[in-house]
Amino acid sequence: MKLKIWRQKNEEDKGRMVDYDISDVSPDMSFLEMLDVLNQDLIDKGEEPVAFDHDCREGICGTCSLYINGRAHGPQRKITACQLHMRSFKDGDTIYIEPWRAKSFPVVKDLIVDRSSFDRIQQAGGFISVNTSGNTQDANAIPIEKENADNAFDAATCIGCGACVAACKNSSAMLFVGAKVSQFSLLPQGRVEATDRVLNMVKQMDEEGFGNCTNTGACEIECPKGISLEYIARMNREYLSASLKG
Amino acid sequence: MSVLDSKIPEGPLAEKWTKHKNEINLVNPANKRLIDVIIVGTGLAGGSAAATLAELGYNVKAFCFQDSPRRAHSIAAQGGINAAKNYQGDGDSTYRLFYDTVKGGDYRSREENVYRLAEVSTNIIDQCVAQGVPFAREYGGLLDNRSFGGVLVSRTFYAKGQTGQQLLLGAYAAMNRQIGRGKIKMFTRHEMLDVVVIDGKARGIIARNLVTGEIERHSAHAVVLGTGGYGNAFYLSTYAMGSNVTAAWKAHKRGAFFANPCYTQIHPTCIPVSGDHQSKLTLMSESLRNDGRIWVPKHKKDVDAIREGSLKPTEIAEEDRDYYLERRYPAFGNLVPRDVASRAAKERCDAGYGVNKTGEAVYLDFAAAIERYGKEQAYVKGLDGEDKALVDKLGKEVIEKKYGNLFQMYEKIVDQNPYETPMMIYPAVHYTMGGLWVDYNLMTTVPGLYAIGEANFSDHGANRLGASALMQGLADGYFVLPYTIGDYLAHDIRTGPIPTDTKEFDAAEANVRDNIDKLINNQGSKSVDYFHKKLGKIMWNKCGMARNEKDLKEAISEIAELREQFYKDVFVPGTENEYNEELAKAGRVADFLELGELFAKDALEREESAGGHFREEYQTEGGEALRRPEYQYVSAWEYKGKPSEAVHHKEELNYENIEVKERSYK
């Protein structure tokens with residue numbers, strides 16, 4: 001197989017695609033294990049390995065962030081790069097591997113980007129203001145309609161990987177923000193601060209330089225957790241009513 | 001008299017924690033603003049502690065090696081979190097959760113800590129719901145529960161197979177609120193490389209910025225480690241790639257005793273190893289054992305045919321299958337605790353009944369559950385319960401609702417559809433019950449240095465029950481440490497900021513720089529992974545599911561030898577002043593190479609079988625773990641320059657509220 005990989009020493013460096021050949025790839029390997037093999041080869045040759053982000057390797061931590069053949073997390077749907085296996089590729093294929101591309105995700109090194117803008121959006125309002133005193137009311141005091149609870153859960157499964165931003169031609173973070181706003185807006189305990197939350201999170205999102213949504217839907221297609229575009233609609237509705245309240 | 005003072009409060013068990021909280025020192029709100037606390041690790045324990053201490057008014061500095069606190073490996077916990085709510089009215093209580101946990105831990109945990117854990121467990125659920133954690137609910141809108149291994153009640157709260165994710169995002173949100181207020185200063189992509197001890201007290205850390213390579217000094221009035229377990233010493237495990245023992249090990253080298261390192265949990269239901277390229281193992285949640293039945297073929301000829309590919313598991317008749325857990329443990333069946341289930345799988349595979357090419361796999365089968373649920377649904381909907389295709393379809397829909405994401409995960413990795421053919425599973429390293437020794441206040445043997453969550457040893461004894469790790473992490477961080485740390489910090493209200501330009505900080509920083517220089521300048525010929533894999537093989541083969549004196553002695557000398565080789569021949573590319581993952585890994589593996597030896601030494605010293613520690617020499621006639629009363633103690637090791645010279649201390653365990661008896665699940 002041939003690999004074309006983005007190499008960039010640091011944020012200031014211009015960066016370039018570099019070609020590598022790789023053999024000894026088994027179909028049962030995950031994509032990241034294939035990169036491990038490449039890096040082992042590079043280290044054995046005394047060269048610098050390719051830097052890429054990864055941690056849990058089971059599709060839940062949201063650390064891995066590879067743009068593979070022009071698709072966030074590669075060709076398969078509803079998985080992260082670490083869950084992609086080499087059986088999805090053919091012998092002799094050329095694979096292009098790039099970092100997430102977005103102004104708000106500057107490159108740290110090679111395939112690693114800085115996603116702290118996501119954290120800052122969450123810090124602006126992605127929480128319910130309740131102290132951990134242990135004196136909250138009993139968990140079953142407020143029954144929550146199962147449909148709303150399930151819906152809130154679906155929104156809450158976002159792993160914060162940034163694939164939605166990378167896939168979007170506008171580098172919009174609306175799916176990411178919409179998921180958090182929706183999770184809380186669907187639950188009674190989250191309604192209390194709903195107005196401030198959506199205004200503050202959207203404001204921070206704009207300040208971080210993310211683009212707007214033009215309803216292309218690439219984010220939903222590329223989201224490893226299949227977060228629905230409906231949550232963007234829900235956020236827009238929340239935002240509109242919050243803006244009217246002032 | 002032991003040098004270990006566990007500081008257990010006086011009084012009856014059920015009143016100890018309340019009494020303790022009433023008697024310890026408090027810090028007034030104005031004074032909390034004068035006190036700094038460092039928290040290393042932002043998983044369930046570290047994250048919840050950071051949020052709570054900041055809410056109380058302390059100045060918190062939190063550190064994680066990941067790019068965001070949301071990525072700590074607590075996020076990967078699947079099945080659920082226990083709490084003695086008794087919402088199901090099935091006889092649960094604080095005492096029963098306490099009892100199950102002590103028994104599940106094979107009577108090797110500290111009674112008082114476990115009781116407190118059970119006591120605060122109900123608060124956790126209330127707290128998380130208030131934070132917006134979307135737990136699974138029933139149609140009536142109330143919270144749903146399921147059952148986990150080693151217990152006879154349903155006390156596990158869950159959010160599909162992503163409970164850890166939802167709880168961690170709850171703690172992360174609580175942290176974000178405090179980061180936004182400026183009460184937590186968050187340092188991401190930072191790794192702690194030493195603890196600074198001044199006048200016998202922990203007063204700061206040395207950390208490396210993983211992006212720039214800069215070495216930084218951070219001071220505080222207390223340091224809290226919520227840095228998780230050390231299962232990656234085995235190389236292959238269900239831990240995240242970055243999970244490591246470095247913070248805990250550096251603390252150990254600065255005087256914190258390391259307790260029961262040999263207590264490791266090997267989880268029975270993981271996806272088997274497929275080849276040498278493998279970098280990690282994936283867990284299939286224990287919740288699957290609520291509905292899945294574990295079996296291997298009864299006859300060797302069927303095993304051979306399966307391995308050759310000429311026979312499918314679905315073609316084996318019911319009477320030719322050995323549901324060995326149901327056979328050996330009729331009372332608990334497929335829901336025996338993890339250590340018991342893992343050993344039983346190993347026993348069958350060692351006897352030659354493993355069902356994949358490597359002979360290290362057993363089946364986890366959902367066919368019976370699909371049929372049962374399908375028939376139930378057909379009855380509820382008034383449809384024909386005899387229509388096999390319909391029952392099958394309805395049953396699969398129920399299974400998908402319950403375990404959909406786990407089944408999808410399995411299919412992506414193995415390339416087989418678990419709705420149609422049984423899953424193949426095998427045990428893998430999953431959790432470490434051992435860790436830094438702490439007293440009732442969660443303080444280590446270094447004053448001002450605390451260890452919480454998996455990083456400490458305190459609550460699970462020799463084996464942890466399913467869904468109890470999340471419980472312990474959040475209990476420590478939200479509800480225990482915030483009280484107990486105040487007792488210590490009350491003496492620091494007049495201390496003022498801790499300066500970082502002292503000789504202790506100089507020395508610690510020089511030590512860190514020396515270690516890094518040594519690794520970078522080594523110019524050896526082998527990669528870090530080469531050594532890590534070798535260590536993993538020794539650990540798995542000689543300190544794994546079954547241990548014996550001969551293997552352990554070999555492991556000790558082999559690991560010491562490997563460590564020597566590592567320092568002679570490891571090659572770390574790049575420089576120290578940049579993002580350099582190999583350098584970070586090298587430092588972590590160096591620490592695993594020391595811990596591994598202490599691990600084997602501890603396993604050798606413990607001449608009994610208990611929970612996850614199974615010594616072949618000590619088993620009952622039926623092949624069960626044989627505990628020995630003379631080993632009813634915690635082993636706490638004091639660092640003396642080398643693992644081989646570590647000094648052994650004992651904390652005797654007393655059970656006043658629970659009868660110590662044979663741990664039977666039959």
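This is a predicted model: local features need pLDDT of at least 70, side-chain atom pairs count only at pLDDT 80 or more; totals for chains, interfaces and linings use all residues.
Residues are numbered from 1 along each chain as its sequence is written, while chains are lettered from A and ligands numbered from 1 in the order in which they are written.

Chain A contains nine helices and seven strands; helices (H or I, at least four residues) and strands (E, at least two) are DSSP runs, numbered from the N terminus. The C-alpha trace of chain A spans about 60 × 35 × 35 Å along its principal axes. Of the 246 residues in chain A, 52% are buried, a residue being buried if 20 or more other C-beta atoms, placed from the backbone, lie within 10 Å of its own. Two residues are in contact if their C-beta atoms, placed from the backbone, lie within 7 Å. Among the contacts in chain A with a separation of 6 or more, 69% join residues 24 or more positions apart.

Chain A meets chain B through 62 residues of chain A and 66 residues of chain B. On the chain B side, the helices that each supply at least two residues include H3 (44-56), H5 (111-130) and H12 (388-414). The largest share, nine residues, comes from H6(B). This side of chain B divides into 25 nonpolar, 26 polar and 15 charged residues. Here Ala, Val, Leu, Ile, Met, Phe, Trp, Tyr, Cys and Pro count as nonpolar, Asp, Glu, Lys and Arg as charged, and the others, Gly among them, as polar.

Within chain B, the domain assignment, which is automatic or from a database, gives domain 1 (268-427) and domain 2 (502-625). The C-alpha centres of these two domains of chain B lie 35 Å apart.

The interior remains to be described. A nonpolar core is a set of buried Ala, Val, Leu, Ile, Met, Phe, Trp, Tyr and Cys residues joined through C-beta atoms within 7 Å. The largest such core has 285 residues, of which Val224(B), Leu225(B), Leu436(B) and Tyr450(B) touch the most other members. Helix H17 (residues 581-605) of chain B gives the largest share of this core, twelve residues. Not counting residues up to four places away in sequence, Leu225(B) touches several residues, including Val40(B), Ala247(B), Leu436(B) and Tyr450(B). In soluble globular proteins, nonpolar side chains tend to be buried together.

Methods: A residue is buried if 20 or more other C-beta atoms lie within 10 Å of its own, exposed if 12 or fewer, and partly exposed in between; C-beta atoms are placed from the backbone.
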